[in-house]
Every structure is written in structure tokens, then in C-alpha cells.
Amino acid sequence: MTTRNSPEAWDKRYAEAELVWSQEPNEFVVEYLSELPAGKMLDLGGGEGRNALWFASRGWHVENSDFSAVAVEKFLKRAEHEGLTDFCTGTAVDATNPESCVTKPVDLAVMAYLQIPSADLAAAIATAAQSLRSGGTLFGVWHARENLEHGFGGPPSPELNPTQEELLAACDALGLIVHTLTLRDRFFVSGGEERKAIDVVLMATTAA
């Protein structure tokens, strides 16, 4: 049966809209990662590839991995339209699958709003860590658990909104070195009103 979080459900959602997510990269991706030198990048659960395409436009070789084949197809079409095909690879694979990355090792792995249960998220973080070279960077941003009561948007289920403790435990289990783990407010307009979302931002590295 097709469920809200199945590849089939997301294929349908991506097929019905020109863009499900914004065309621009996430603001925290830009804020935290703009100064990194170009290399190889993996976007796990990257959807239509807004973050991967931003990196590709800056000279990175990117792989956008998502379990929706429709999302990956849209990413590759946009890459072609923007003249970025030579920098872009797309794979339709679940983020919890260790084979989600075909271009490893990469210098940077990004997860932006991959809102899945904590055990699955820990598996996705492990996938990201396994894709990284020594000293590589893992960056993630999610709707935080605090967003349920004090913010706007995101999934309504607590188990789909990670806590800082859950993220730290997942990183510690993998021996990742955590440099940033913090809550950040993000402001946007929805329904003609300014809204505030509460995100949790993570930056970690593998041992050099």
C-alpha cells in the first residue's frame, strides 16, 4: 500500500508540482558551507536537488540521492537546463541504504530536512559518514522537536523531528567529531504572514 512516506507517494507529489521545495538552497547550507573549497558532495534525501545544484554552480561535483526517482529526474533535468550536467550525478536510493552514494569518498555530505524516525535517521547519518573521506564534513539541518510547540511548519509527529540528544548520540556512535549542534530560528512568509521555524543544525567531521 502506498503511504505518505513511501517512494510512490513522493513520486506522485513531485510529479504533481513544478517545484515541491524552493529553487534556492537552504539558508543554513549557504551560511555554514560557503567557505568550503570545492570538492565532491553528496546530498542525502536531496529531493529536487536545490542544495546540490547550488554546490554544482560553485564548481563542486555533486551527487543528489533521493528515494523518489521522479525527484532525481527533475534534478537531472534542471542540471541540464543550467549547464551543470558534467558536475551532477543522481541516484534513486533510500538514504538509509549504505549504497546511496556511488561517487564516494566525498568531501561533504549534506542532509536537509530528512525528517524520518530516529533509528532511520541514525542509519542515514551512518550512510553519510561512510561516504566521507578522512576529515570530511557532515552537515545537517532539520525541523527540531522544539518546533512542534514553538515554531511553524514541519511534520506534526514528534518522532520525525529530531532532538539534539538524538543527533549527538548518532554522531558519537560513529566516532564523528561534532563542531556545531545548535537550534536556529528561521523566518519565512506563509499565507501572507511572517512565520518562525525552529531548526536544529549539525556540523561534524570524520577523524582526519
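In this predicted model, strand 2, helix 4 (residues 69-81) and strand 3 form a β-α-β unit that is right-handed. The two strands of this unit run parallel and are joined by four bridges, with strand 2 covering residues 61-65. One of the residues involved is V62, whose bridge partner in strand 3 is C88. Strand 2 is largely enclosed by the rest of the structure, because four of its five residues are buried.

Strand 2 also pairs with strand 1; these strands run parallel, and five bridges join them. Helix 3 comprises residues 50-57 and lies across strand 1, strand 2, strand 3 and strand 4. Its direction is at about 170 degrees to that of strand 1.

Strand 1 (residues 40-44) is paired with strand 4 as well, in the parallel sense and over three bridges. Within this pairing, D43 of strand 1 has V110 of strand 4 as its bridge partner. D43 is a buried residue without a salt bridge. The nearest side chain of opposite charge belongs to R50, at 7.2 Å. Leaving aside residues up to four places away in sequence, D43 touches N51, A52, E63, N64, S65 and V110.

Strand 4 spans residues 106-112 and is mostly covered, with six of its seven residues buried. Strand 4 runs parallel to strand 5 (residues 132-143), and six bridges join the two. In this pairing, A112 has V141 of strand 5 as its bridge partner. Strand 4 and strand 5, together with helix 5 (residues 118-131), make up another β-α-β unit, which is right-handed.

In the loop between strand 3 (88-91) and strand 4 lies P105. The peptide bond joining K104 and P105 is cis, with an omega of about 5 degrees. In the loop between strand 4 and helix 5 lies Y113. The phi angle of Y113 is positive, near 60 degrees, although the residue is not glycine. Y113 has a relative accessibility of 18%, and it therefore counts as buried, the cut-off being under 20%.

The pairings described above belong to an open sheet of seven strands, in the order 3-2-1-4-5-7-6, with mixed pairing. Strand 3 and strand 6 (177-190) stand at the edges of the sheet. Each of these has a single partner strand, so one side of each is left without a neighbour in the sheet. On average, neighbouring strands of the sheet are turned by 15 degrees against each other, direction ignored.

A further helix lies across strands that include strand 6. Helix 7 (residues 164-174) lies across strand 5, strand 6 and strand 7 (193-205). The angle at which helix 7 runs to strand 6 is about 140 degrees.

Conventions. Residues are numbered from 1 along each chain as its sequence is written. This is a predicted model: local features need pLDDT of at least 70, side-chain atom pairs count only at pLDDT 80 or more; totals for chains, interfaces and linings use all residues. Side-chain values use heavy atoms; hydrogens and water are left out. Buried means under 20% relative accessible area, exposed over 50%, partly exposed in between (1.4 Å probe, protein chains only). Two strands pair if DSSP finds at least two bridges between them. A crossover is right-handed if, with the strands pointing away from the viewer, the path from the first strand over the helix to the second runs clockwise. Lys and Arg count as positive and Asp and Glu as negative; His and the chain ends are not counted. A salt bridge is a side-chain nitrogen of Lys or Arg within 4 Å of a carboxyl oxygen of Asp or Glu. Contact means heavy atoms within 4.5 Å. Axes are lines fitted to C-alpha atoms, for helices over the stretch in contact, and angles run from 0 to 180 degrees between N-to-C directions.
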